[in-house]
Amino acid sequence: MPINISMTVNGKPVTAEVEPRTLLVSLLRDQLRLTGTHIGCDTAQCGACTIHMNGKAVKCCNMLAAQAQGAEIVTIEGIARADGTLHPMQEAFRDHHGLQCGFCTPGMVMSAIDIAKSHSSLTEEVVRAELDGNMCRCTGYHNIVKAVLAGAQTMRS
Amino acid sequence: MADMNLIGASVKRKEDYRFLTGAGTYTDDVRLDRQSYAYFLRSPHAHARIRGINTDKAKKAPGVLGVFSGQDMAAAKINGLPCGWLITDVDGQPMKEPPHPVLAQGKVRYVGDHVAVVIAESYWQAKDAAESIEVDYQILPAVVDVAAARETHAPAIHDIAPDNTCYVWALGDKSAVDKAFASAHHVTRLEFINNRLIPNAIEPRAAIGNYNRADESYTLYVASQNPHVERLLMCAFVLGLPEHKVRVIAPDVGGGFGSKIYLYAEDVVVTWASKQINRPVKWTAERSESFLSDAHGRDHHTIAELALDKDGKFLALRVHTTASMGAYLSTFASCIPTILYATLLSGQYATPAIYCEVTAVFTNTAPVDAYRGAGRPEATYVVERLVETAAREMKIDPAEIRRRNFITRFPYQTPVALMYDTGDYHNTLEHALKLADVAGYPARKAEAAKRGKLRGLGYSCYIEACGIAPSNVAGSLGARAGLFEAGEVRVHPTGKVSVFTGSHSHGQGHETTFSQVVASRLGIPIEDVEIVHGDTGRVLFGMGTYGSRSLAVGGTAIVKALDKVVEKGKKIAAHLMEAAETDVEFKDGIFKVSGTDKQVPFAQVSLTAYVPHNYPLDRLEPGLNEQAFYDPTNFTFPAGSYVCEVEVDPDTGVTRIASFTAVDDFGNVINPMIVEGQVHGGLVQGIGQALTESCRYDKDSGQLLTGSMLDYCLPRADDVPSFKIGTEVTPCTHNPLGVKGCGEAGAIGAPPAVINAITDALGVREIEMPATAERVWRAVRQAKAA
């Protein structure tokens, strides 16, 4: 039996009819066509599907769409300004070459913003530990770490 | 105005905005009208005879549009997947090439082998329906290990190779090597396993086939590193489709590392099936399917010996390797442990005699093919582990033994077929030693010891052959196709430029690097250049991206096309300025008559080329659109020196990379930011091989034991350090950009540096990769007991 759910996605109210087994990532990608959130592993390991739910980074490939009933969801499509100006964390990833193929990037940026918000100050060691749930096969993390430190700095200032 | 200093500048990437805003278009992001979904039923057994398949229930399941098995493929006369490289056995016979059906015919040969496909309105309906397919398997004994595959009573995987041997191949002068060993002062012998790896690009493979009945055409969207090769193989060998009716598009691709070079069964099946059901058919791998069915890498068992004189000069190298092909020959499988491996065994050294014998075997495992480095990491591991071990045994400083043996004169003909064009190995090593502060190492080791930690130092001086390949050489070595590259420069009337390249970017940043080359050569702003790739409908031809070949081969094809544009532009400019063509020079985007103030800008020439009311029509065609093919005259030879320091906790066996220094010579560098990024990524894949990654199959059942990211340990951010990167430049002598390629270096050079450091820290001779905490802990215990 399909179920009806409603939530806020990138500031806009959304209602949808889904199968009970529909994952939140499928709702975002297939029904809402927000394809910036990626599926890399289906097992909550790689973090390519990281979004913000009620202000915290979560992996949406491992939760049901129904679990997001009433929640406030922000995806990678929702963090740049309306005029297209990048969020400081996105800008930092570009400045520091913190992305290559771009597939893990949306999840990385969403995690990075949460990391920046969750710490009053950051070190390389803390960033590396906090990025434990986001895998990148291209960059070797070196420039991602630099980007997160720089982006967090800009977000604070 | 154009920036004339684009070459060597860390230009920020053009492609980043779309990736950072979630606006990239990967294959799974493509949604076609009326698209259906495919699910592949895969073999749960490593080796079994299929006595029957009953798909009746699945065909009647809700939403199902079609169910096909091997029988349907045979009835449709669909051929198997071809192998692109013919290796000739030591006895002159061609390698054993068993059929590689897209859906299993009579037998399955590895866990994950394709048995049937179900196509339905939704992915879940297809997956649910697949559960009701009844397959009657007669389970057969399986063999997954390379050594076991050659044992007398090993189960035969293919009828045409009863001993599971694909080929025995050799390179080098065996008698010269044997003679050198007979008179050697010292011989160092090592036996090792080059651990099998699973590539794990973060984007899983995906494909959408779309047949259009109106014009009998096909479009395949696919996560591929080389769409033209996919099309060629599919049309010419597998499906027999007319090539002009097939368009292959590889849109944004989320990493490849080799695993997306190949023509896979899924690509063929969705293309064919879209005609059968007259709907687009989409398939996206789940990660577990990536583990099971992406081509894997490495998997060598090697015995290697180095002969030295009393001064530590290398006299000869003898190598025997058994390499797994997996259950079938993937697209380039056969050339990896041969042409891309044995030819690199000279390393950076003037070893006078080398002999290598390679036995390629079939096993009940996923096919093995090129994975970042492809043969060269395996060769570097052999050479650099032997060299470091020999130095320790002979009590010569490991850096010094390398200095005594470095090649210093170029061009240098190795005893294993390659001709190195240029390099400066001494300089590169000294740079690395300085950058790594090796002079300060004893103090760091002593300080670590105070904290109860074992600190170790390891080197690796790698070489690789990139820019594959001079086609005549590749052909003589068994390549069934030339490996040149195509480029096209289309100047629009307003002077803006679209460049079409057969190279493919899946993270390498070609849109930026290639634009830098084009903008600087034409003297136009980088914003005025667009790079188009990954679409057989737009790009003339291409052999794709692998083997760090894009800039050296694809970039050179573009440069050749640019040269033609400038040549034609001079003719047009000469006409406009009423000057002799020989008097026209082109610089910084301006055509000038030498020694005068007469000039016309690039955009005026391009406009004239397209809308000619004043044009030498009797002598020159209008338009400014040039194509070029480039066939390299030699391989390129990037080389570098890596220094790794580790700290081992003897109580837990945990190894921490305390520092890692990489100094590379990639020839000229167009964009240092991008090049360093490539090195970082390669290093972490190399460190992953050395410390964490290993593909394991159960030796009895043949089940993949490392089938998820929970079991197969990809390096995470806190497993690796930040890197110290240095650059040396000896420009490549045989391409106009002087570039060599940088994509694989890190993965090639890192593993022996890490293992050399760990064995140094522990004071042991050998430790197997990956040097997990358990293995290191056991080695610490054994070293203490000894």
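These are my notebook entries on a two-chain predicted model, chains A and B.

**Ground rules.** I worked from a predicted model, where local features need pLDDT of at least 70, side-chain atom pairs count only at pLDDT 80 or more, and totals for chains, interfaces and linings use all residues. Residues are numbered from 1 along each chain as its sequence is written, while chains are lettered from A and ligands numbered from 1 in the order in which they are written.

**Entry 1: domains of chain A.** I began with the domain assignment, whose bounds come from an automatic or database source. Chain A has domain 1 (3-78) and domain 2 (88-156). I noted 21 Å between their centres, taken over C-alpha atoms. Domain 1 puts 15 residues into the contact and domain 2 puts in 11; two residues are in contact if their C-beta atoms, placed from the backbone, lie within 7 Å. On the domain 1 side, strand 3 and strand 4 (56-59) each give two or more residues, and strand 3 gives the most, with 3. Helices (H or I, at least four residues) and strands (E, at least two) are DSSP runs, numbered from the N terminus. That side divides into 6 nonpolar, 8 polar and 1 charged. Here Ala, Val, Leu, Ile, Met, Phe, Trp, Tyr, Cys and Pro count as nonpolar, Asp, Glu, Lys and Arg as charged, and the others, Gly among them, as polar.

**Entry 2: a helix pair in chain A.** Next I looked up helix 2 (residues 88-95) and helix 5 (residues 142-156) of chain A, whose axes come within 8 Å and cross at roughly 145 degrees. Axes are lines fitted to C-alpha atoms, for helices over the stretch in contact, and angles run from 0 to 180 degrees between N-to-C directions. Helix 2 of chain A brings A:Pro88, A:Met89, A:Ala92, A:Phe93 and A:Asp95, and helix 5 of chain A brings A:Ala147, A:Ala150, A:Gly151, A:Thr154 and A:Met155. I find 7 nonpolar, 2 polar and 1 charged among the residues of this contact.

**Entry 3: where the chains meet.** I then turned to the interface, where 41 residues of chain B are in contact with 44 of chain A. Helix 1 (16-20) and helix 18 (672-691) of chain B each supply at least two residues of the chain B side. Helix 18 of chain B gives the most, with 7 residues. The chain B side holds 18 nonpolar, 13 polar and 10 charged residues.

Entry 4: Most residues other than glycine have a negative phi, and most peptide bonds are trans. I checked for exceptions. A:Ala44 has a positive phi of about 60 degrees although it is not a glycine. A:Ala44 sits in the loop between helix 1 (24-31) and strand 3 (50-53) of chain A, and is partly exposed, with 17 other C-beta atoms within 10 Å. B:Asn200 also has a positive phi of about 60 degrees, but is buried, with 25 such atoms within 10 Å. A residue is buried if 20 or more other C-beta atoms lie within 10 Å of its own, exposed if 12 or fewer, and partly exposed in between, with C-beta atoms placed from the backbone. B:Pro411 is in the loop between helix 11 (398-405) and strand 16 (412-413) of chain B.
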